[in-house]
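This briefing is meant to be read alongside the sequence and the coordinates. It begins with a pair of helices and then turns to the overall build, the strands and single residues.

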Amino acid sequence: MKADIIVIGGGASGLAAAICAARQGASVLILERMARIGKKLLATGNGKCNFTNRSMEVHCYHSRKPSVVRQVLEYFDEKMTEDFFMGLGILPKERDGYVYPNSMQSASVLDALRFELEHLGVGLRTEDEIYSIRPKERGFLLQGKKEVYHCRRVILACGGKASDKLGSNGSGYILAKNLGHRIIPVVPALTGLKAKEKSYKALAGVRVEAEVTLLIDGKVSDRHRGEVQLADYGISGIPVFQLSGQAAYGLLNGRSVVCMLDFFPELPEDTLRQLLVKRQKQFRGRPAEVFETGLLNRKLIHECLRLAGGRGELLPEMSALAGVLKHFPATITESRGYAQAQVCAGGVDLKEIHPKSCESILHPGLYIVGELLDADGICGGYNLQWAWATGYLAGTAAGKECHASNRTN
């Protein structure tokens with residue numbers, strides 16, 4: 001089967017790339033190994049699809065080449081994303097910078113993309129996986145599970161390894177590596193972290209506002225504040241997700257990785273100690289549960305008292321309790337893995353693509369987009385913005401090249 005451009009992968013970046021390429025007049029075919037396109041897109045934002053963010057800063061991404069991330073986001077920014085989707089009929093709704101479809105349904109975003117693909121006549125083959133890409137004199141030969149494909153341009157949009165049940169199995173890294181691209185080590189990101197402390201089994205189900213500080217070999221690497229979910233395996237929630245990729249890299253490199261939870265981030269430790277001393281005096285002679293009530297979730301304050309040295313009705317030293325409340329430890333043993341991760345960190349080295357087009361420097365006519373690249377964002381629509389931006393740039397560039405070539409032939 002032949003097409004001007006073949007897009008390998010029917011996720012967010014692949015669909016955007018296919019639309020943009022077809023709008024340039026190229027014949028486009030999407031190859032998707034799953035039975036349906038866009039399965040992961042449907043799951044984003046708990047089904048609400050936070051598809052971009054109006055506070056788009058390069059520091060919201062992790063990459064070995066942040067300068068390339070900055071350039072890509074300048075070539076296709078969040079305003080252009082909103083305009084792109086407005087053109088597809090998606091009315092944006094903004095909440096604290098987070099942008100959703102007004103319907104608050106991921107299905108609306110996927111349907112809008114799908115309708116545009118049909119309108120443009122983009123071809124689709126599902127349940128076929130590409131095992132090899134061979135550059136030829138005038139294009140590429142793709143060996144699939146079911147068929148051999150020929151094309152003039154290839155857009156590699158296979159996704160990473162996160163949430164493989166939704167379509168990403170890591171095959172894109174193999175394809176890119178076999179074509180000579182350097183792969184920055186890949187780890188799970190935006191996921192929970194497992195801790196060795198026994199305390200967490202007793203705290204399963206507790207949700208608490210806290211600041212989470214990531215320490216790698218004892219040095220502060222990152223910190224985030226928000227609602228933390230305590231689980232029998234360890235810690236989760238958005239603040240944990242934001243630093244989970246860095247934690248995974250620390251573990252990969254054999255480092256000591258610890259998260260310190262601060263349950264009173266707005267108070268210095270000595271101020272908290274004074275507050276606790278005052279509270280102890282206020283309720284002296286009354287049951288310990290009177291002192292405990294209202295400080296934190298009951299299960300959590302019980303565990304903090306125990307760790308600080310409290311026993312039954314005997315309260316611990318307030319300085320020790322303040323220390324535990326400000327430095328509750330989670331010694332990280334591993335992340336929850338790719339199956340529970342929303343994205344991957346690492347991927348194709350950004351030094352090996354042209355920022356304006358996402359075209360491979362090693363193989364002209366090959367474009368690499370989305371999660372396959374070494375750029376992962378924090379929660380809040382940043383990873384989808386990266387998908388739309390890279391997909392748009394690659395699809396537009398590949399489509400223009402094919403259109404120009406068609407006119408000269």
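In this predicted model, helices H1 and H5 count as roughly parallel to each other, because angles under 35 degrees are classed in that way and their axes cross at roughly 30 degrees.

**Helix H1 against helix H5**

- Helix H1 covers residues 12-22 and helix H5 covers residues 106-120, and their axes come within 10 Å.
- The crossing of these two helices, H1 and H5, is left-handed.
- On the side of H1 the contact is made by Leu15, Ala18, Ile19 and Ala22, while H5 contributes Leu110, Leu113, Glu116, Leu117 and Leu120.
- Sorted by class, the contact of H1 with H5 has eight nonpolar residues and one charged residue, with no polar residues.

**Helix H9 against helix H12**

- Helix H9 (residues 269-282) packs on helix H12 (residues 318-326) at an angle of about 130 degrees, with the two axes 9 Å apart.
- H9 and H12 are therefore oblique to each other, and H9 passes H12 in a right-handed crossing.
- From H9, the residues Glu269, Leu272, Arg273, Leu276, Val277 and Gln280 take part, and they meet Met318, Ser319, Leu321, Ala322, Gly323, Leu325 and Lys326 of H12.
- The residues of this contact of H9 with H12 divide into seven nonpolar, three polar and three charged.

**Overall build**

- Taken along the principal axes, the box filled by the C-alpha atoms of the protein is roughly 95 × 45 × 35 Å.
- Of the 409 residues in the protein, 56% are buried.
- When contacts between residues at least 6 apart in sequence are considered, 72% of them join residues that are at least 24 apart.

**The sheet of E3, E6 and E5**

- Three strands form an open sheet in the order E3-E6-E5, and their pairing is antiparallel.
- Strand E3 (52-53) and strand E5 (92-95) stand at the edges with a single partner strand each, so one side of each is left without a neighbour in the sheet.
- Strand E6 (residues 98-101) runs antiparallel to E5 and is joined to E5 by four bridges, and within this pairing Lys93 has Tyr100 of E6 as its bridge partner.

**Strands E8, E9 and E10**

- Strand E8 (residues 130-136) pairs with E9 in the antiparallel sense over six bridges, and the two strands E8 and E9 form a hairpin with two residues between them.
- Strand E9 is also joined by four bridges to strand E10 (residues 148-156), again with the two strands running antiparallel, and the hairpin that joins E9 to E10 passes through three residues.
- Phe140 takes part in both pairings of E9, as the bridge partner of Pro135 and as the residue that stands opposite Cys151 in E10.
- Strand E9, which spans residues 139-144, is mostly covered, with five of its six residues buried.

- Met104 counts as buried because its relative accessibility is 16%, which falls under the 20% cut-off.
- Asp217 is partly exposed, since its relative accessible area is 44%.

**Gly226 and its surroundings**

- Gly226 lies in strand E14, which spans residues 219-230, and with a relative accessibility of 13% Gly226 counts as buried.
- Apart from its neighbours within four places in sequence, Gly226 is in contact with Val208, Glu209, Ala210 and Pro239.
- The C-alpha atom of Gly226 is separated by 44 Å from that of Gly365, and these two residues are 139 residues apart along the chain.

Terms used: Residues are numbered from 1 along each chain as its sequence is written. This is a predicted model: local features need pLDDT of at least 70, side-chain atom pairs count only at pLDDT 80 or more; totals for chains, interfaces and linings use all residues. Side-chain values use heavy atoms; hydrogens and water are left out. Two strands pair if DSSP finds at least two bridges between them. Buried means under 20% relative accessible area, exposed over 50%, partly exposed in between (1.4 Å probe, protein chains only). Axes are lines fitted to C-alpha atoms, for helices over the stretch in contact, and angles run from 0 to 180 degrees between N-to-C directions. Angles under 35 degrees count as roughly parallel, over 145 as roughly antiparallel, 65 to 115 as roughly perpendicular and the rest as oblique. A crossing is left-handed if the near helix is turned anticlockwise from the far one by less than a right angle, and right-handed if clockwise. Contact means heavy atoms within 4.5 Å. Ala, Val, Leu, Ile, Met, Phe, Trp, Tyr, Cys and Pro count as nonpolar, Asp, Glu, Lys and Arg as charged, and the others, Gly among them, as polar.
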